Amino acid sequence: MPAEHAAAYTPHRAGPVADIAAGLLAGLALRGRTAGLRRPPTARRTPVRGRGVPGPRPPRGSGARGLYERARRAWDRPLTAYYVILGASLLITVLGLVMVYSASQIKALELSLSDTYFFRKQFLAAAIGTGLLLFASRVPAKLHRALAYPLLVGTVFLMVLVQIPGIGHSVNGNQNWIYLGGPFQLQPSEFGKLALILWGADLLARKQDKRLLTQWKHLLVPLVPVAFMLLGLIMLGGDMGTAIILTAILFGLLWLAGAPTRMFVGVLSVAAAIGVTLIRTSENRMARLACIGATEPGPGDSCWQAVHGIYALASGGWFGSGLGASVEKWGQLPEPHTDFIFAITGEELGLAGTLSVLALFAALGYAGIRVAGRTEDPFVRYAAGGVTTWITAQAVVNIGAVLGLLPIAGVPLPLFSYGGSALLPTMFAVGLLIAFAREEPAAKAALAMRQPGLGAMAGVSWKSMRRRVKKRPSGER
């Protein structure tokens with residue numbers, strides 16, 4: 001082949017291959033240039049509100065259900081019961097001091113005393129009670145159990161002294177006071193509630209350890225006879241209100257111990273029969289029973305106190321007439337700083353104030369139930385349940401009487417009403433609840449991790465402790 005033909009043929013033979021190669025190279029180059037312009041596969045176009053495009057979905061767990069879940073998780077934290085008991089009891093006591101000062105001024109002036117007389121006595125009792133609360137909250141359960149028998153014996157001794165003429169004194173028709181000299185006096189029956197709880201909790205715990213509570217005789221004896229002895233000493237002084245609270249404590253301990261329903265029915269029937277007999281044999285108690293739901297003072301002003309308690313609540317409105325501006329405490333409402341302090345609270349602070357008090361008692365009671373339900377120590381369960389029963393039952397009886405739903409029983413509102421004899425054992429009982437709340441396994445781990453150097457020694461977080469506790473039986477009914 002001639003040279004010129006070979007030179008002309010070579011480009012012609014390589015043309016298709018070169019074209020294909022050039023096309024592939026151009027395609028690859030174009031793909032590389034446009035790759036940087038493409039949107040990443042994970043990127044999404046941001047929706048624009050107001051142009052028919054739906055906005056972003058709300059985060060999961062929002063709304064009422066999310067609020068409920070957050071509240072449930074907050075309540076399930078190990079130290080929640082500890083803080084609720086401490087905070088609620090502190091707020092009730094401080095608000096009680098304020099209302100005692102406001103409600104007792106006119107009464108003190110009527111007695112030719114300083115307007116701060118009752119407030120100063122209540123403040124002194126609250127200071128002593130704070131010391132008792134701190135002592136009870138730091139003492140281990142073993143020492144509380146050791147104090148049970150001496151406290152019971154000492155209380156019974158004082159309650160016997162009350163019935164001796166010349167030693168015991170009568171107040172408002174009930175002989176259940178001992179004067180200590182000067183303006184100070186003591187009501188031993190108030191300490192009887194605490195004594196029955198500690199002694200009964202220790203007794204039932206020891207019997208449970210020996211597996212004796214399945215027998216009805218060990219469940220009732222000697223708990224019920226000792227309780228009836230205390231009730232008899234109280235009723236000798238005519239204080240049926242305290243007897244009702246003591247009966248509620250007894251039933252609370254029996255329920256926590258797992259008493260069968262038929263046993264409850266039997267004991268309740270006996271208690272109801274005794275109660276009906278005591279009411280029917282007393283004109284004063286029958287008159288109080290007749291004042292339930294009364295809207296008029298009635299003949300002889302027999303329902304004066306009950307009706308004026310309703311008047312005080314009704315005149316308070318939503319937010320009350322203002323602190324210190326009560327009208328009923330100017331001689332219209334008897335016992336404005338003791339049994340009917342809740343009515344003065346409603347008049348001066350309104351519905352908002354009374355609902356706040358009710359919410360604090362509800363929180364305190366629910367936290368006490370949680371402490372009793374989550375522990376594995378039988379003594380702690382019985383003692384915490386007994387204290388919770390005591391405080392809630394007494395609050396219900398007092399508030400129910402002020403609202404006209406229950407007869408006037410003459411019991412103070414716990415931690416709120418005036419009265420050092422009632423405040424001291426109640427604050428000690430609150431200290432018990434605080435100590436028991438601190439002794440929960442998860443709470444102990446959480447407290448240890450908050451202290452420098454102890455968190456590493458604990459070796460476990462409170463979340464793992466909570467999971468471990470949940471796997472074990474809690475003892476809740």
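Predicted model: local features only at pLDDT ≥ 70, side-chain atom pairs only at ≥ 80, totals over all residues.
Cys 291 is buried, with a relative accessible area of 9%. The angle about the S-S bond is -90 degrees, which makes the link left-handed. Both cysteines sit in the loop between helix H11 (283–290) and helix H12 (304–316), so the bond ties together parts that are 12 residues apart in sequence. A search of the whole structure turns up one disulfide.

Next, select residues 341–374, which make up helix H13. Its end C-alpha atoms are only 34 Å apart, whereas a straight helix of 34 residues would span 50 Å at 1.5 Å a residue. Centre the view on Leu 349, where H13 has a kink of about 130 degrees.

To find the largest cavity, select its lining: Met 159, Val 162, Gln 163, Gln 175, Asn 176, Pro 188, Ser 189, Leu 233, Ile 234, Gly 237 and Asp 239. Colour these by class, and the lining shows five nonpolar, five polar and one charged residues. Then show the secondary structure around the largest cavity: helix H5 (141–162), strand E2 (174–181), helix H6 (188–209) and helix H8 (223–236) each supply at least two residues of the lining.

Technical notes:
Residues numbered from 1 in each chain as written. Heavy atoms only, no water. 1 Å grid on protein atoms, 1.4 Å probe; cavity = no way out; pocket = protein on both sides within 12 Å on 5 of 7 lines; lining within 4 Å. Helix = DSSP H or I, 4+ residues; strand = E, 2+ residues; numbered from the N terminus. Nonpolar A, V, L, I, M, F, W, Y, C, P; charged D, E, K, R; others polar. Expected span 1.5 Å × (residues − 1). Bend = angle between axes of the 7 residues up to and from the residue. Disulfide = S-S within 2.5 Å. Buried < 20%, exposed > 50% of the residue type's maximum accessible area, 1.4 Å probe, protein only.
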